[in-house]
Amino acid sequence: MATKIEGATNRAALRTKTQKLKHALVKEKLAFVMEAHNGLSAKIVEEAGFEGIWASGLSMSAALGVRDNNEASWTQILEQLEFMADATSILILVDGDTGYGNFNNVRRLVKKLCQRGIAGVCIEDKLFPKTNSFIGEGQPLADVEEFSGRIKAGKDSQDDSDFQIVARVEALISGHGMTEALRRAEAYHAAGADGILIHSKKAEADEILDFGREWAGRAPLVIVPTMYYKTPTDVFRETGVSLVIWANHNLRAALSAMRETSRRIMEEQALTSVESEVASVKEVFDIVGQGELAAAEARYLKPKSGEYKCIVLAASRGSALGILTERLPKCMLDIRGKPLLHRLVTTLNEGGLRDICVVRGYQKEAINLANIRAIDNDAYAKSGEATSLACATDQLDGATIISYGDILFRPYILENLLATTGDITTVIDARWRGAGHWEAGRQVDLASCSRTFTGEYLDEEPILLTALHTRDGDSEDNNDGEFSGEFIGLIKLSTKGAAAVKRELAAMKSEGVLDMADLPNLLNRLIATGESVEVLYVTGHWLDVDDAFDLAKARNVV
Ligand code: SPV
Ligand code: MG
């Protein structure tokens with residue numbers, strides 16, 4: 001009967017895969033590793049709950065369509081292992097065959113396995129090129145001294161001190177008997193092997209159990225019960241086995257399933273009968289983590305214009321337009337044969353934006369364009385732009401363009417805005433003086449920015465908005481020198497920016513300040529909470545329609 005092996009570590013302290021394999025070998029409780037032969041099967045092993053993977057030489061070879069005779073080169077095996085290690089977080093014990101040569105090949109193998117996050121390797125005391133142990137009789141064994149040198153060289157080459165080398169004793173399979181098996185195991189243990197794999201191809205486990213009793217826990221014992229599969233697992237426990245390798249059952253399961261599926265599709269020339277028996281395409285997407293990629297795309301990729309949502313704030317009447325807006329909100333006023341909003345939506349559509357939501361309020365029935373979605377701010381008379389935006393918070397889910405409903409701009413402005421990279425970007429007209437609004441004494445939203453517009457060709461440093469100020473134009477008490485431009489009512493939000501806006505709207509609501517707030521108030525609050533609000537300078541090429549003067553101008557210029 002085996003004695004318990006000392007030195008089991010506290011499981012919680014195990015960080016690395018090598019430490020985990022070491023623990024699996026030395027702990028008292030029987031551990032299991034399950035065969036995998038590529039990234040997908042490795043994922044399946046982890047998903048099933050195994051603490052480790054047996055990267056089987058037989059299975060990896062067969063999966064590549066070659067024999068277990070070192071027909072796949074060791075670097076080709078290394079490639080499979082890299083996919084398996086990348087695809088999983090559990091330990092991998094690799095079937096390293098004979099070590100692919102002499103001590104020198106083992107040194108290089110161990111170095112490469114350490115680099116690729118493999119927890120340990122098992123090498124067998126046979127000769128390169130190997131033959132699978134279940135083929136033929138009396139396969140030649142390596143010289144004990146020479147094989148011990150392979151183990152020593154491997155242990156001396158590991159860059160991770162917890163990397164495990166298991167020595168596989170083939171003496172029983174090759175017909176050399178128990179004494180030779182024990183002699184070899186002892187020599188390999190002395191050479192530094194972290195565990196001994198005693199292999200057998202008998203249908204009964206007798207020789208394995210005899211070996212286990214004789215071995216008496218001198219080093220962790222590993223077995224592969226492929227042939228003596230009927231032996232109850234408790235018998236292995238009682239014999240003091242440390243690790244059981246379920247060596248090839250995923251490959252064999254796949255072989256049967258693939259064969260049967262191909263046979264049926266070939267015979268039936270149809271997919272109907274197999275559909276319910278094979279994994280769904282969604283399961284394939286799920287196991288390779290397609291969802292994670294979608295989340296990463298949202299995080300790292302600049303959305304294409306078609307992925308932007310758009311919110312147009314068009315709830316106000318435009319009282320300064322008097323009788324003209326008695327029956328229509330100002331956004332529906334005719335600008336040379338087409339409503340202003342129609343022209344705005346056309347510009348947005350031509351910029352690639354399709355998902356356009358218009359927040360209506362005053363005379364909402366008049367806003368009846370075909371390719372928009374309408375959301376109503378029925379409290380428009382007692383609320384401002386921030387409330388209208390808050391009505392569309394469902395739309396604030398991902399990258400978004402926010403536009404006033406009474407503006408028109410040249411298409412390149414939208415194109416340039418979509419090309420910006422900030423999370424919150426406002427469009428600011430640097431040519432605000434001389435454009436008319438200010439000089440006419442109108443109310444304008446003036447921007448203080450980290451830098452004024454220069455027009456330099458290489459002026460690419462991001463410019464930050466530091467505050468927006470709503471001012472009555474050209475009055476004497478205004479020091480207009482402090483302003484860098486006029487906010488035109490156009491904003492771009494990234495997914496992160498949209499979330500920040502949503503958060504701020506909720507905060508304004510809970511503080512009871514949402515109702516009379518406008519977009520400048522919202523932007524100033526975002527700046528105050530530490531959000532970077534960037535500036536895209538334009539120089540004219542836009543208009544808004546606040547009064548009859550604007551309207552006349554718009555009718556002229558469009
Ligand atoms: C393997 O899985 O490749 C093994 C175990 O080495 S056995 O096939 O049983 O030899
Ligand atoms: Mg093998």
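**Group meeting: selected features of a predicted model**

Trp 432 has a relative accessibility of 4%, and therefore counts as buried. Good morning, colleagues.

Which ring does Trp 432 pair with? Its partner is Phe 483: the ring centres lie 6.4 Å apart and the planes stand at 75°, so this pair is edge-to-face.

How many aromatic pairs are found in the whole structure? The search gives nine. Another of them joins Phe 32 and Trp 246, whose planes are at 5° with the centres 5.5 Å apart, so this pair is stacked. Is Trp 246 buried or partly exposed? It counts as partly exposed, because its relative accessibility is 25%, and the limit for buried is under 20%.

I turn now to the helices. In helix H8, which spans residues 206-215, the buried residues are Glu 207, Ile 208, Leu 209, Phe 211, Gly 212 and Trp 215. What covers them? The cover includes H7, strand E6 (195-198), strand E7 (221-223) and helix H9 (233-238). Just after H8, Ala 216 adopts a positive phi of about 55°.

Helix H7, part of that cover, runs over residues 177-190 and contains Glu 180. This glutamate is buried, because its relative accessible area is 17%. Its side chain makes a polar contact of 2.8 Å with the side chain of Arg 184. Apart from neighbours within four places in sequence, Glu 180 is in contact with Val 144 and Ala 171.

Finally, I come to the surface. Which residues form a nonpolar patch there? They are Leu 40, Ile 44 and Val 288, which together have about 240 Å² of accessible area. Leu 40 is located in helix H2 (residues 39-48), and it counts as partly exposed because its relative accessibility is 44%.

Thank you for your attention.

Key
Residues numbered from 1 in each chain as written. Chains lettered and ligands numbered in written order. Predicted model: local features only at pLDDT ≥ 70, side-chain atom pairs only at ≥ 80, totals over all residues. Heavy atoms only, no water. Patch = residues over 30% accessible without salt bridge, like charges linked within 9 Å, V, L, I, M, F, W, Y side chains within 5 Å. Areas by Shrake-Rupley, 256 points an atom, 1.4 Å probe, with all protein chains shown as cover. Salt bridge = Lys/Arg side-chain N within 4 Å of Asp/Glu carboxyl O. Helix = DSSP H or I, 4+ residues; strand = E, 2+ residues; numbered from the N terminus. Buried < 20%, exposed > 50% of the residue type's maximum accessible area, 1.4 Å probe, protein only. Polar contact = N/O pair within 3.5 Å; in protein donor to acceptor, adjacent residues only side chain to side chain. Contact = heavy atoms within 4.5 Å. Phe/Tyr/Trp six-rings, centres within 6.5 Å; stacked < 30°, edge-to-face > 60°.
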